[in-house]
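This report describes how one protein chain is built. Please look through the sequence and the structure before reading on.

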Amino acid sequence: MLALAIAWGLNWALMLDFILNVILLGAPGETVSHRIARLRAYGYTRADRRLGCTLCNILSAMFWFMHRDHCAWAMSNHGSIAREIWHWSD
C-alpha cells in the first residue's frame with residue numbers, strides 16, 4: 001500500500017513538472033530537469049551552459065535524496081520516469 005501511495009505521489013509530481021515546463025514554453029513531454037540538462041550539455045553559448053550547470057546544481061541539491069547528479073539522471077531516463085499504477089487490461 002505504501003509503494004502504491006509513493007508511486008501515486010511521484011506521478012502527480014511528474015505531472016506538475018510537465019505542466020511547469022509547458023508554462024515555461026518548453027517542448028511537450030519534457031520535464032524541466034531534462035530541459036535544464038539539455039541547456040547544460042548543448043547550450044548555444046558558454047553563458048547558456050554555465051546557467052545550465054548552475055540550475056543543475058540547484059536541482060541536484062533539491063533532490064539530493066534521489067540522485068547525485070539529477071540532470072544526468074533526467075537525460076538518461078527521459079521518457080521512462082512514470083509508473084503505471086492501474087493497468088487497463090490484464
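## The chain as a whole

The structure is a predicted model. Its protein chain has four helices and zero strands. Read along the sequence, the pattern is therefore simply α-α-α-α.

Of the 90 residues in the protein chain, 22% are buried. Among the contacts with a separation of 6 or more, 39% are between residues 24 or more positions apart.

## Helix α1

Helix α1 runs over residues 2-23, which is 22 residues. From its first C-alpha to its last, α1 reaches 32 Å, close to the 32 Å expected at 1.5 Å a residue.

Ala7, Leu14, Asp17 and Asn21 are the buried residues of α1. Looking down the axis of α1, these buried residues fall within an arc of 80°, so they line one face of the helix. Leu2, Trp8, Leu16, Val22 and Ile23 are exposed on the other side of α1. The cover over the buried residues of α1 includes α2, residues 32-42.

## Leucine 25, between α1 and α2

Leucine 25 sits in the loop between α1 and α2, just after α1. Is leucine 25 buried or exposed? Leucine 25 has a relative accessible area of 77%, so it counts as exposed.

The backbone at leucine 25 has a positive phi of about 65°, although leucine 25 is not a glycine. Most residues other than glycine have a negative phi.

## Helix α2 and its neighbours

In α2, the residues Val32, Ser33, His34, Ile36 and Ala37 are buried. Which helices do the buried residues of α2 pack against? They pack against α1, α3 (46-62) and α4 (70-76).

The axes of α1 and α2 cross at roughly 55° and come within 8 Å. That angle makes α1 oblique to α2. At this meeting, Asp17, Leu20 and Asn21 in α1 are in contact with Val32, Ser33 and Arg35 in α2. Asp17 and Asn21 are also among the buried residues of α1, while Val32 and Ser33 are among those of α2.

## Where α2 meets α3

α2 and α3 pack at an angle of about 140°, and their axes are 7 Å apart. Such an angle makes α2 oblique to α3. The crossing of the helices α2 and α3 is left-handed.

On the α2 side, the residues in this contact are Ser33, Ile36, Ala37, Leu39, Arg40 and Ala41. On the α3 side they are Asp48, Arg49, Leu51, Gly52, Cys53, Leu55, Cys56 and Leu59.

## Helix α3

Helix α3 has 17 residues. The distance from its first C-alpha to its last is 24 Å, close to the 24 Å expected at 1.5 Å a residue.

Gly52, Cys56, Leu59 and Ser60 are the buried residues of α3. Around the axis they cover an arc of only 95°, which puts them on the same side of α3. These buried residues pack against α2 and α4. On the other side of α3, the exposed residues are Arg46, Arg50, Asn57 and Ala61.

Arginine 50 has a relative accessible area of 51%, so it counts as exposed. The C-alpha atoms of arginine 50 and leucine 39 are separated by 8.8 Å, and the two residues are 11 residues apart along the chain.

## Two residues of helix α4

Histidine 70 lies in helix α4. Its relative accessibility is 4%, so histidine 70 counts as buried. What does histidine 70 touch, not counting residues up to four places away in sequence? Histidine 70 touches Ser33, Leu59, Ser60 and Phe63. Of these, Leu59 and Ser60 are among the buried residues of α3, and Ser33 is one of the buried residues of α2.

Alanine 72 is also placed in helix α4. With 36% relative accessibility, alanine 72 counts as partly exposed. Alanine 72 and alanine 37 are 35 residues apart in sequence, and their C-alpha atoms are 6.7 Å apart in space. Alanine 37 is one of the buried residues of α2.

Notes:
Residues numbered from 1 in each chain as written. Predicted model: local features only at pLDDT ≥ 70, side-chain atom pairs only at ≥ 80, totals over all residues. Heavy atoms only, no water. Expected span 1.5 Å × (residues − 1). Buried < 20%, exposed > 50% of the residue type's maximum accessible area, 1.4 Å probe, protein only. Arc of directions from axis to C-beta. Contact = heavy atoms within 4.5 Å. Axes fitted to C-alpha atoms, helices over the stretch in contact; angles between N-to-C directions. Parallel < 35°, antiparallel > 145°, perpendicular 65-115°, else oblique. Left-handed = near helix turned anticlockwise from the far one by under 90°.
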